[in-house]
Amino acid sequence: MKVFCIGGYTWYWWLYLYFDPRPKMNKEDLYDREKELEKFFDALSYASMIVVTGLRRTGKTSFVNVALVECGYPFTILDMRGLPFNPSRADIIRRLELAFNQIDRKWLSDFVEALKHVKGVSILGAEISFEWSKKELDLTEIFAKIDHWVGIKKKKFVIAFDEIQFIRGNKWILSFIAHVIDTYHNIIVVITGSEVGVLFDFLGFNQPSSPLYGRHFFQIQMTNFSAEMAKDFLTEGFKQIQIKPSDELLLYAVQELDGVPGWLTLFGARCRDKKSCSKEIVDEFASEAGKLARDEVMKLVAYSRRYGIILNFLSKIGEATWSEIKSAIEVKEARSITNHAVSTLIKNLTKIGVIIDRNGKYAIKDSILKRGLREEPLPE
Ligand SMILES: Nc1ncnc2c1ncn2[C@@H]1O[C@H](COP(=O)(O)OP(=O)(O)OP(=O)(O)O)[C@@H](O)[C@H]1O
Ligand SMILES: [Mg+2]
């Protein structure tokens with residue numbers, strides 16, 4: 001943020017910073033995440049795959065953008081949103097071409113030089129284009145050259161796939177990523193996506209047939225802001241846009257929006273647009289947030305309806321023991337199920353951060369999700 005004091009007035013260079021609704025690109029616009037950044041930089045020295053997970057709107061994309069800008073290594077980010085359902089090789093290669101052309105200027109000429117003699121790659125000035133329509137482009141050779149280039153420079157090359165869950169259908173790209181992390185020791189793959197999408201669909205969390213199943217990865221989880229942080233984030237954000245909401249309204253927003261950075265940001269941005277703040281704005285976003293959180297866990301139901309039974313049950317009752325969860329499923333299905341099956345369901349829900357274990361009692365972690373499920377239960 002750029003702040004100027006001229007003639008006794010404070011002037012802000014960008015008009016909204018914390019409350020900019022786009023994913024953040026600069027460290028100064030990113031609130032906190034210091035510990036996560038430290039973990040990320042540390043993992044770059046030894047991990048070949050870093051997975052950034054988190055529920056929707058927790059700031060995964062913003063975190064990766066900032067972490068890569070700050071890491072000091074050449075990097076590229078492939079945005080997987082908007083890919084067709086079954087993306088072709090050409091679709092992915094086009095994204096790669098787009099991402100390569102956005103490499104920081106500081107590295108661009110060296111990078112272009114490294115790829116100069118690769119078959120299927122043409123260089124026009126500083127622009128890289130792939131002959132993606134032909135079979136000639138050899139991705140393996142491209143990555144081998146990049147690995148060699150950064151190796152000489154004693155650097156690493158970081159390639160990030162944002163919203164990886166959009167790669168559905170033919171998953172040849174997963175085998176290719178497995179090849180990159182197994183073969184090129186100077187290339188680090190960073191993957192982000194919403195919890196359910198990344199861990200279940202993409203990493204094949206429970207599917208041994210997935211090409212990446214069982215690969216070692218370092219996981220960084222984006223969590224919601226604590227109540228104290230959320231209040232501080234809002235206070236600082238409102239200062240930046242020169243609005244002063246009451247303390248009572250801030251506390252209401254903190255409680256209803258549950259510390260989810262994306263919803264706090266949208267709330268602030270809407271107040272900025274309206275040039276005032278109200279409880280109605282908070283309510284509007286809390287309900288929208290509930291729907292989005294519910295849509296996200298809906299994906300689990302495609303794996304097993306039992307996830308629906310457990311989450312609906314917990315949303316109604318608040319918290320429950322392992323045995324209470326087991327009997328809720330048994331009552332619903334009118335038959336007994338194995339202890340192993342119950343433990344696996346609970347373990348998976350805990351691992352993806354949807355439920356937490358509070359001294360032997362399980363509860364839905366997010367009150368926004370709880371609200372969404374109460375408003376509309378999942379199919380069972
Ligand atoms: N630490 C932060 N500081 C300031 N703003 C943040 C922070 N984290 C997230 N935001 C804001 O919250 C919103 C959501 O962030 P972002 O898109 O990075 O989240 P995401 O987890 O990638 O979301 P999605 O699940 O939709 O992909 C954006 O408006 C972003 O600017
Ligand atoms: Mg994102």
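Predicted model: local features only at pLDDT ≥ 70, side-chain atom pairs only at ≥ 80, totals over all residues.
The division of the protein into domains gives domain 1 (33-222), domain 2 (225-291) and domain 3 (304-375). The centres of domain 2 and domain 3, taken over C-alpha atoms, are separated by 30 Å. Contact between these two domains involves six residues of domain 2 and six residues of domain 3. On the side of domain 2 that touches domain 3, three residues are nonpolar, one is polar and two are charged.

Two helix pairs were examined for their packing. Packed helices are described by the angle between their axes and by the distance between those axes. Helix α8 (residues 227-240) packs with helix α9 (residues 247-257) at an angle of about 130°, and the axes of the two helices are 9 Å apart. Because angles of 65 to 115 degrees count as roughly perpendicular and those over 145 as roughly antiparallel, α8 is oblique to α9. The crossing of these helices, α8 and α9, is right-handed. On the α8 side, the contact is made by Ala227, Ala230, Lys231, Leu234 and Thr235, which meet Leu250, Ala253 and Val254 of α9. The contact of α8 with α9 comprises six nonpolar residues, one polar residue and one charged residue.

The second pair consists of helix α11 (residues 279-303) and helix α12 (residues 305-317), which pack at an angle of about 135° with their axes 5 Å apart. The angle makes α11 oblique to α12. Val297, Leu300, Val301 and Tyr303 are the residues of α11 in this contact, and they meet Arg305, Tyr307, Gly308 and Leu311 in α12. Sorted by class, the residues of the contact of α11 with α12 are six nonpolar, one polar and one charged.

Conventions
Residues numbered from 1 in each chain as written. Chains lettered and ligands numbered in written order. Axes fitted to C-alpha atoms, helices over the stretch in contact; angles between N-to-C directions. Helix = DSSP H or I, 4+ residues; strand = E, 2+ residues; numbered from the N terminus. Parallel < 35°, antiparallel > 145°, perpendicular 65-115°, else oblique. Left-handed = near helix turned anticlockwise from the far one by under 90°. Contact = placed C-beta atoms within 7 Å. Nonpolar A, V, L, I, M, F, W, Y, C, P; charged D, E, K, R; others polar. Domains from an automatic or database assignment.
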